[in-house]
Amino acid sequence: MQAPIAVTIPDAVQATGMSRTSIYEALKRGDLSARKAGRRTLISFADLEAYLASLPAYQAGA
């Protein structure tokens, strides 16, 4: 089975481990983009991966 091309907010929360609030804040800042399909908010899986890749790397002791 191949990866989905878009996910809903609850699916994005589950896939990334981020909170729902963090995802909505990233959308509000424009760091992450979404599309509306009726009442559903969909985030492109590629956009979600790109957003996660853009986050700073963890540095122990910093």
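**Group meeting: charges, fold and core of a predicted model**

The 7 positive and 5 negative charges of the chain have mean positions 11 Å apart. Keep in mind that this is a predicted model.

Now the overall layout. The chain has three helices and three strands, and along the sequence they run β-α-α-β-β-α. Along the principal axes, the C-alpha atoms occupy a box of roughly 45 × 30 × 15 Å. Of the 62 residues, 21% count as buried. As for contacts between residues at least 6 apart in sequence, 49% of them join residues at least 24 apart.

Next, the core. Eleven residues make up the largest nonpolar core: V7, I9, A12, M18, I23, A26, L27, L32, I43, L48 and Y51. At least two residues of this core come from each of α1 (9–16), α2 (20–29) and α3 (45–54). The largest share, three residues, is from α2.

With neighbours within four places in sequence left out, I23 contacts I9, A12, V13, T16, M18, L32 and I43.

M18 sits in the loop between α1 and α2. Is M18 buried or exposed? Its relative accessible area is 16%, and buried means under 20%, so M18 counts as buried. Again leaving out neighbours within four places, the contacts of M18 are V13, I23, Y51 and L52. On distance, M18 and A60 are 42 residues apart in sequence, and their C-alpha atoms are 20 Å apart in space.

Notes
Residues numbered from 1 in each chain as written. Predicted model: local features only at pLDDT ≥ 70, side-chain atom pairs only at ≥ 80, totals over all residues. Heavy atoms only, no water. Core = buried A, V, L, I, M, F, W, Y, C linked by side-chain atoms within 4.5 Å. Buried < 20%, exposed > 50% of the residue type's maximum accessible area, 1.4 Å probe, protein only. Helix = DSSP H or I, 4+ residues; strand = E, 2+ residues; numbered from the N terminus. Contact = heavy atoms within 4.5 Å. Lys, Arg positive; Asp, Glu negative; His and termini not counted. Charge placed at Lys NZ, Arg CZ, Asp CG, Glu CD.
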